[in-house]
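Have a look at the model first, and then we'll go stop by stop.

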Amino acid sequence: MNAPPSGTGPAEVEIAGLSHVYPGGRKALDDVTLRVAPGERFGIIGPSGAGKTTLMLHLNGILRPASGGVTVGGRPVLPPDLPLIRRWVGLVFQDPDDQLFTPTVGEDVAFGPRNMGLDEAEVMQRVHSALAMMDLDDTAGRSSHELSFGERRRVAIATVLAMSSRVVALDEPFSNLNPALVQRLIGILRELPATVIIISQSILPLLLSCDRLAVMDRGRIRAVGTTAEIAMNRELLAECGLDYTFYLDAYHRLVSGSGDRRA
(Lines give C-alpha, C1' and ligand atoms only; values in the text may rest on other atoms or scores of the structure.)
Protein backbone atom coordinates (compact mmCIF):
# COMPACT_ATOMS: atom_id res chain seq x y z
CA MET A 1 0.00 0.00 0.00
CA ASN A 2 2.87 2.35 0.73
CA ALA A 3 3.97 4.80 -1.96
CA PRO A 4 7.67 5.41 -2.50
CA PRO A 5 9.06 8.59 -0.96
CA SER A 6 8.02 11.42 -3.24
CA GLY A 7 8.17 15.17 -3.17
CA THR A 8 7.62 15.82 -6.87
CA GLY A 9 4.89 13.46 -8.10
CA PRO A 10 1.12 13.84 -7.75
CA ALA A 11 0.16 15.16 -4.34
CA GLU A 12 -2.66 13.80 -2.21
CA VAL A 13 -2.13 16.66 0.22
CA GLU A 14 -0.48 19.91 -0.84
CA ILE A 15 0.21 22.74 1.60
CA ALA A 16 1.37 25.96 -0.03
CA GLY A 17 2.64 29.03 1.81
CA LEU A 18 0.40 28.32 4.80
CA SER A 19 0.43 30.85 7.66
CA HIS A 20 -1.81 31.06 10.69
CA VAL A 21 -2.13 33.76 13.34
CA TYR A 22 -4.08 33.13 16.53
CA PRO A 23 -6.18 35.87 18.17
CA GLY A 24 -3.79 38.10 20.07
CA GLY A 25 -1.25 38.07 17.25
CA ARG A 26 0.76 34.90 17.91
CA LYS A 27 1.98 33.49 14.59
CA ALA A 28 1.72 29.71 14.85
CA LEU A 29 2.51 28.86 11.21
CA ASP A 30 4.84 30.80 8.96
CA ASP A 31 4.87 30.05 5.20
CA VAL A 32 4.62 26.25 5.50
CA THR A 33 4.89 24.34 2.23
CA LEU A 34 4.67 20.51 2.00
CA ARG A 35 3.61 17.83 -0.47
CA VAL A 36 2.41 14.37 0.57
CA ALA A 37 2.03 11.68 -2.10
CA PRO A 38 -0.94 9.30 -2.34
CA GLY A 39 -0.41 6.33 -0.02
CA GLU A 40 2.64 7.87 1.60
CA ARG A 41 3.45 7.66 5.30
CA PHE A 42 4.59 11.17 6.14
CA GLY A 43 5.79 12.28 9.56
CA ILE A 44 5.96 15.78 11.00
CA ILE A 45 8.38 15.95 13.91
CA GLY A 46 8.97 18.92 16.14
CA PRO A 47 9.17 20.09 19.74
CA SER A 48 6.17 21.21 21.75
CA GLY A 49 4.90 24.54 20.42
CA ALA A 50 6.32 24.00 16.92
CA GLY A 51 2.87 24.38 15.30
CA LYS A 52 2.29 20.73 14.43
CA THR A 53 -1.26 20.45 15.78
CA THR A 54 -2.18 23.83 14.29
CA LEU A 55 -1.01 22.52 10.91
CA MET A 56 -3.07 19.34 11.26
CA LEU A 57 -6.23 21.32 12.04
CA HIS A 58 -5.94 23.04 8.64
CA LEU A 59 -6.11 19.73 6.76
CA ASN A 60 -9.90 19.54 6.94
CA GLY A 61 -10.75 23.18 7.58
CA ILE A 62 -11.14 23.23 11.37
CA LEU A 63 -8.77 26.22 11.28
CA ARG A 64 -8.55 28.74 8.44
CA PRO A 65 -5.24 30.20 7.29
CA ALA A 66 -4.15 33.81 7.40
CA SER A 67 -2.51 33.20 4.03
CA GLY A 68 -1.69 30.29 1.74
CA GLY A 69 -3.82 27.18 1.58
CA VAL A 70 -4.27 23.42 1.51
CA THR A 71 -5.57 21.13 -1.21
CA VAL A 72 -6.57 17.47 -0.81
CA GLY A 73 -6.96 15.33 -3.89
CA GLY A 74 -6.78 18.53 -5.92
CA ARG A 75 -9.70 20.13 -4.03
CA PRO A 76 -9.08 23.31 -2.02
CA VAL A 77 -9.85 23.17 1.70
CA LEU A 78 -12.39 26.00 1.46
CA PRO A 79 -16.06 26.25 2.53
CA PRO A 80 -17.62 25.08 -0.76
CA ASP A 81 -15.68 21.79 -0.60
CA LEU A 82 -15.56 21.25 3.19
CA PRO A 83 -18.28 18.54 3.34
CA LEU A 84 -16.31 16.45 0.83
CA ILE A 85 -12.93 17.28 2.38
CA ARG A 86 -14.16 16.18 5.81
CA ARG A 87 -15.14 12.82 4.36
CA TRP A 88 -11.72 12.49 2.77
CA VAL A 89 -9.59 13.67 5.71
CA GLY A 90 -9.95 12.02 9.09
CA LEU A 91 -8.22 13.49 12.13
CA VAL A 92 -7.25 11.42 15.16
CA PHE A 93 -6.68 13.72 18.12
CA GLN A 94 -4.03 13.22 20.77
CA ASP A 95 -6.61 12.35 23.45
CA PRO A 96 -8.98 9.62 22.19
CA ASP A 97 -11.60 10.74 24.71
CA ASP A 98 -12.04 13.88 22.60
CA GLN A 99 -13.51 11.61 19.86
CA LEU A 100 -15.41 8.98 21.84
CA PHE A 101 -18.69 10.23 23.27
CA THR A 102 -21.52 7.75 22.60
CA PRO A 103 -22.64 4.92 24.95
CA THR A 104 -20.78 2.13 23.10
CA VAL A 105 -17.75 1.62 20.91
CA GLY A 106 -19.94 0.46 18.02
CA GLU A 107 -22.01 3.63 18.18
CA ASP A 108 -18.86 5.76 18.18
CA VAL A 109 -17.57 4.04 15.05
CA ALA A 110 -21.00 4.17 13.38
CA PHE A 111 -21.50 7.90 14.06
CA GLY A 112 -19.57 9.18 11.02
CA PRO A 113 -20.99 6.75 8.43
CA ARG A 114 -24.53 7.41 9.67
CA ASN A 115 -23.99 11.15 9.29
CA MET A 116 -22.92 10.45 5.71
CA GLY A 117 -26.44 9.11 5.08
CA LEU A 118 -25.40 5.53 4.43
CA ASP A 119 -27.96 2.75 4.85
CA GLU A 120 -27.73 0.74 8.06
CA ALA A 121 -26.33 -2.38 6.39
CA GLU A 122 -23.42 -0.37 4.97
CA VAL A 123 -22.92 1.38 8.32
CA MET A 124 -22.67 -1.96 10.14
CA GLN A 125 -20.31 -3.37 7.52
CA ARG A 126 -18.00 -0.40 7.98
CA VAL A 127 -18.15 -0.66 11.77
CA HIS A 128 -17.21 -4.35 11.73
CA SER A 129 -14.47 -3.81 9.14
CA ALA A 130 -12.91 -0.86 10.99
CA LEU A 131 -12.97 -2.61 14.36
CA ALA A 132 -11.50 -5.78 12.83
CA MET A 133 -8.67 -3.79 11.28
CA MET A 134 -7.86 -2.42 14.74
CA ASP A 135 -8.18 -5.91 16.29
CA LEU A 136 -11.17 -4.76 18.36
CA ASP A 137 -13.85 -7.14 17.05
CA ASP A 138 -15.22 -7.94 20.51
CA THR A 139 -15.61 -4.34 21.74
CA ALA A 140 -18.60 -3.06 19.72
CA GLY A 141 -21.07 -3.42 22.59
CA ARG A 142 -18.76 -2.13 25.30
CA SER A 143 -18.36 1.36 26.66
CA SER A 144 -15.11 3.02 25.68
CA HIS A 145 -14.62 3.83 29.38
CA GLU A 146 -14.09 0.11 30.01
CA LEU A 147 -11.15 -0.01 27.62
CA SER A 148 -7.48 0.75 28.18
CA PHE A 149 -5.95 3.95 26.84
CA GLY A 150 -4.30 2.03 24.00
CA GLU A 151 -7.59 0.36 23.08
CA ARG A 152 -9.40 3.71 23.12
CA ARG A 153 -6.72 5.11 20.83
CA ARG A 154 -7.38 2.27 18.38
CA VAL A 155 -11.13 2.91 18.60
CA ALA A 156 -10.49 6.57 17.73
CA ILE A 157 -8.57 5.42 14.64
CA ALA A 158 -11.44 3.06 13.78
CA THR A 159 -13.92 5.98 13.84
CA VAL A 160 -11.85 7.56 11.07
CA LEU A 161 -11.37 4.34 9.09
CA ALA A 162 -15.14 3.75 9.06
CA MET A 163 -15.44 6.96 7.05
CA SER A 164 -13.20 5.40 4.36
CA SER A 165 -10.94 8.41 4.73
CA ARG A 166 -8.40 8.95 1.98
CA VAL A 167 -6.12 10.76 4.43
CA VAL A 168 -5.66 9.85 8.10
CA ALA A 169 -3.78 12.43 10.20
CA LEU A 170 -2.83 11.48 13.76
CA ASP A 171 -1.67 13.79 16.54
CA GLU A 172 0.89 12.21 18.93
CA PRO A 173 -0.43 8.65 18.46
CA PHE A 174 2.48 7.10 20.41
CA SER A 175 2.20 9.18 23.58
CA ASN A 176 1.34 7.32 26.82
CA LEU A 177 1.70 3.90 25.17
CA ASN A 178 4.00 1.17 26.41
CA PRO A 179 6.63 -0.22 23.97
CA ALA A 180 4.50 -3.23 22.99
CA LEU A 181 1.57 -0.99 22.04
CA VAL A 182 3.86 1.41 20.17
CA GLN A 183 5.16 -1.54 18.14
CA ARG A 184 1.63 -2.75 17.44
CA LEU A 185 0.45 0.71 16.41
CA ILE A 186 3.40 1.14 14.05
CA GLY A 187 2.36 -2.06 12.29
CA ILE A 188 -1.23 -0.85 12.02
CA LEU A 189 -0.21 2.52 10.60
CA ARG A 190 2.06 0.90 8.01
CA GLU A 191 -0.89 -1.14 6.72
CA LEU A 192 -3.71 1.44 6.71
CA PRO A 193 -5.38 1.73 3.29
CA ALA A 194 -4.92 5.51 3.22
CA THR A 195 -2.40 8.31 3.03
CA VAL A 196 -1.10 8.68 6.60
CA ILE A 197 0.27 11.84 8.23
CA ILE A 198 1.71 11.38 11.72
CA ILE A 199 2.50 14.30 14.01
CA SER A 200 4.75 13.54 16.95
CA GLN A 201 7.61 14.52 19.21
CA SER A 202 8.60 10.83 19.37
CA ILE A 203 11.14 10.50 16.59
CA LEU A 204 12.02 6.82 16.97
CA PRO A 205 8.48 5.52 16.20
CA LEU A 206 8.29 7.94 13.26
CA LEU A 207 11.52 6.55 11.82
CA LEU A 208 9.85 3.12 11.76
CA SER A 209 6.43 4.36 10.58
CA CYS A 210 7.18 6.87 7.84
CA ASP A 211 8.65 7.15 4.35
CA ARG A 212 9.61 10.80 4.79
CA LEU A 213 9.81 13.30 7.60
CA ALA A 214 9.47 17.05 7.93
CA VAL A 215 11.20 18.77 10.84
CA MET A 216 9.15 21.66 12.18
CA ASP A 217 10.21 24.34 14.65
CA ARG A 218 8.63 27.66 15.65
CA GLY A 219 5.97 27.45 12.97
CA ARG A 220 8.36 26.80 10.08
CA ILE A 221 9.57 23.75 8.18
CA ARG A 222 13.28 23.35 8.82
CA ALA A 223 13.90 20.32 6.59
CA VAL A 224 12.13 17.59 4.61
CA GLY A 225 13.77 14.30 3.65
CA THR A 226 13.64 10.55 3.81
CA THR A 227 13.64 9.06 7.28
CA ALA A 228 17.32 8.13 6.84
CA GLU A 229 18.29 11.65 5.75
CA ILE A 230 16.55 13.25 8.72
CA ALA A 231 17.80 10.62 11.17
CA MET A 232 21.41 11.32 10.16
CA ASN A 233 21.07 15.12 10.50
CA ARG A 234 22.01 15.13 14.16
CA GLU A 235 22.95 18.83 14.17
CA LEU A 236 19.47 19.88 13.02
CA LEU A 237 17.73 17.48 15.41
CA ALA A 238 19.80 18.80 18.30
CA GLU A 239 18.93 22.40 17.39
CA CYS A 240 15.24 21.46 17.55
CA GLY A 241 15.54 19.46 20.77
CA LEU A 242 14.92 16.16 18.93
CA ASP A 243 18.30 14.40 19.08
CA TYR A 244 17.45 10.76 19.81
CA THR A 245 20.99 9.34 19.78
CA PHE A 246 21.19 9.53 23.58
CA TYR A 247 18.91 6.50 23.66
CA LEU A 248 21.09 4.59 21.21
CA ASP A 249 24.23 5.46 23.15
CA ALA A 250 22.62 4.30 26.42
CA TYR A 251 21.53 1.03 24.79
CA HIS A 252 25.00 0.31 23.40
CA ARG A 253 26.60 1.03 26.79
CA LEU A 254 24.22 -1.36 28.50
CA VAL A 255 24.62 -4.25 26.06
CA SER A 256 28.39 -3.79 25.92
CA GLY A 257 28.52 -4.21 29.67
CA SER A 258 30.61 -1.10 30.12
CA GLY A 259 28.64 -0.14 33.21
CA ASP A 260 29.01 3.55 32.30
CA ARG A 261 25.52 5.00 32.69
CA ARG A 262 26.46 8.64 32.66
CA ALA A 263 24.36 10.89 30.37
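The model is predicted, so local features need pLDDT of at least 70 and side-chain atom pairs count only at pLDDT 80 or more, while totals for chains, interfaces and linings use all residues. Residues are numbered from 1 along each chain as its sequence is written, and side-chain values use heavy atoms, with hydrogens and water left out.

Let's begin with the cysteines. Cys-240 counts as buried because its relative accessibility is 4%, and Cys-210 is buried too, with a relative accessible area of 5%. How many disulfides does the structure hold? There are 0, where a disulfide is a pair of cysteine sulfur atoms within 2.5 Å. For Cys-210, the nearest cysteine sulfur belongs to Cys-240 and is 17 Å away.

Next comes Asp-211, in the loop between α7 (203–209) and β9 (212–217). Helices (H or I, at least four residues) and strands (E, at least two) are DSSP runs, numbered from the N terminus. Is Asp-211 buried or exposed? It counts as buried, because its relative accessibility is 10%. Its side chain makes a polar contact of 3.4 Å with that of Arg-190. Such a contact is a pair of N or O atoms within 3.5 Å; within protein, one must be able to donate a hydrogen and the other to accept it, and residues adjacent in sequence count only if both atoms are side-chain atoms.

Carry on into β9, and you'll find it pairing with strand β10 (residues 220–226) in the antiparallel sense over 6 bridges. Two strands pair if DSSP finds at least two bridges between them. Val-215, for one, has Ala-223 in β10 as its bridge partner. The two strands, β9 and β10, form a hairpin with 2 residues between them, and Arg-218 in the turn has a positive phi of about 55°.

Most residues other than glycine have a negative phi. Two aspartates are worth a look here. Asp-31, in strand β2 (residues 27–36), has a positive phi near 60°; it counts as partly exposed because its relative accessibility is 46%. Asp-135 also has a positive phi near 60°, but its place is the loop between α4 (120–133) and α5 (149–161). At 45% relative accessibility, Asp-135 counts as partly exposed.

Last stop: Tyr-247, in helix α10 (residues 245–256). Tyr-247 counts as exposed because its relative accessibility is 51%.

Conventions:
Buried means under 20% relative accessible area, exposed over 50%, partly exposed in between (1.4 Å probe, protein chains only).
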